Amino acid sequence: MSAEPLSAQPLGPPASSAATPAVTPVASPSLASPHGVGRGAARGGLRMEPGAAELPAAALAAPLTPAPTPWHGSPAIKGLLAIALIFLLKLAQPLLVPVVVAVVLTFLLSPQVRSLRRHGVPEVLGALVLVAALLGGTVLMGSALVTPAAQWWSRAPSVMTALEQQIDRVRRSIPILAPPQREPVSRSSGNAPPPVDPIKDRIASEGVTLTRLVLSHVLSFGFSAASTVILLYFLLASEHWMLSRTVEAIPRRRTRALVVAGVRSAQQEIGQFLGALSIINLGVALAVGGAMAYIGLPNPVLWGTVAGVLNFIPYIGPLLNTLLLLTAGLLSFGDSALLVAPAAAYLGVHAIEANVVSPIFVSKRLSLSPISVFLSVMFWGWLWGVAGAVLAVPILVGLRSVCKRNRRLRLLCVYMEGSRRPPPSLKSLLRHKRRQPRAGM
């Protein structure tokens, strides 16, 4: 018994007596998608056969709906995430600053730990020796500066009085800033109170506020310093173990090689940069201390140390040191010609260091663009204060090392790197290069 084919009844009005062509789908990749019918019809993927009903026109003319964009690929979402990350870094400053300082010091000291391990010293013991040496050097330097710092602190009241007198002398020479004159006291008025000086009141109130702020931050600084030292020891002791476990978790061999090369390159560049900068700043401290002793400024060791420490902060550090030495000269020498001698001597040392010594000690591979350095100091200084300004250059060196190994970020690396050769002219860059004829033609 043979089965007869069933005839499909049309849904619309009765068809004419003429046979209507049927539609038979042809295997096509376009039909596998949700909109394959419309695309197949447009591209000729459907073949009409007689005896079958036509497809509705609405199905053939259905508009193509684009695939939805993932949420993480939207530029607006990326911008909001970047802004949220910046404010998160600012709020998490007490937690992140000790971690970043410990990581930077780990990059600086980890080669020494590996060298001790190759000579048979365990990493735990090598890290303990380096951390103890670092703490010992810091304590020795602090003990050498305690006496001169205590002397300046004991002289603070007299220093403030002398500073106010010097400021009053300068203000009297400027009519706009001159203090109010005390009116003559008449017999009828009795003992009238002296006129109020708004500038002196503001200085006194700001001094009280600054003292309270310093005292409130002493405890938090001590806690952050202790956390940094402890974390530094653990990072140095487990640096090889952490890197090995991280590389082991990566499945691809090429990615493993890139990660190891990137970490070692960042460690080498940050270590070399900080090492060269430390040697330069040590020379700056010795030169400034000798110059202050020759001029006759009290406590030259203190001023040399301050100059060497502040020189770790580009641009802002030398400016602060100049203002401090100018104030010290004003208080120590009064109206004599030696008033500006300490600041002038420091500016001379800084000019030699920035234009002669640094280009020699800092190699071409480690040089940075002045614009990128200044923007990094501004950003991290706004984000984390003085600690951020000190960490700005090491963070910039590490970021440049990352950009060198990422094709999408190599354009940023061009703006970070410093170049001592003059850039090509725009005319030469826009000039059309003629093709050289081949030798066989």
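Author: Let us begin with a term: a nonpolar core is a set of buried Ala, Val, Leu, Ile, Met, Phe, Trp, Tyr and Cys residues joined through side-chain atoms within 4.5 Å. Please keep in mind throughout that this is a predicted model.

Reader: Which residues touch the most other members of the largest nonpolar core?

Author: That core has 43 residues, and those touching the most other members are Phe 273, Val 288, Met 292, Leu 297, Trp 303, Leu 325 and Leu 368. At least two residues each come from several helices, among them helix 9 (253–295), helix 12 (341–361) and helix 13 (370–404). Helix 13 supplies the largest share, twelve residues. There is also a second, separate core of ten residues, which includes Ala 102, Ala 127, Val 131 and Leu 236.

Reader: Why is Leu 134 called partly exposed?

Author: The term covers relative accessible areas between the limit for buried, under 20%, and the limit for exposed, over 50%. Leu 134 has a relative accessible area of 37%, and therefore it is called partly exposed. Leu 134 lies in helix 5 (residues 123–154).

Reader: What makes Leu 105 and Leu 232 contacts of Leu 134?

Author: Contact requires heavy atoms within 4.5 Å, and, once neighbours within four places in sequence are set aside, Leu 134 is in contact with Leu 105 and Leu 232. A C-alpha distance is another kind of value: Leu 134 and Val 229 are 95 residues apart in sequence and 9.5 Å apart in space, C-alpha to C-alpha.

Reader: Which residues are the closest to the centre of the second largest pocket?

Author: This pocket has a volume of about 790 Å³, and of the 24 residues that line it, Tyr 315, Glu 353, Ala 354, Ser 358 and Leu 368 are the closest to its centre. Helix 12 gives the most to the lining, with six residues, and by class the lining has 15 nonpolar, seven polar and two charged residues. Leu 368, which we met in the largest core, touches residues including Phe 273, Val 393 and Arg 400, not counting those up to four places away in sequence.

How values were computed: Residues numbered from 1 in each chain as written. Predicted model: local features only at pLDDT ≥ 70, side-chain atom pairs only at ≥ 80, totals over all residues. Heavy atoms only, no water. Helix = DSSP H or I, 4+ residues; strand = E, 2+ residues; numbered from the N terminus. Buried < 20%, exposed > 50% of the residue type's maximum accessible area, 1.4 Å probe, protein only. 1 Å grid on protein atoms, 1.4 Å probe; cavity = no way out; pocket = protein on both sides within 12 Å on 5 of 7 lines; lining within 4 Å. Points joined across faces, edges and corners; volume = space filled by probe spheres on them. Nonpolar A, V, L, I, M, F, W, Y, C, P; charged D, E, K, R; others polar.
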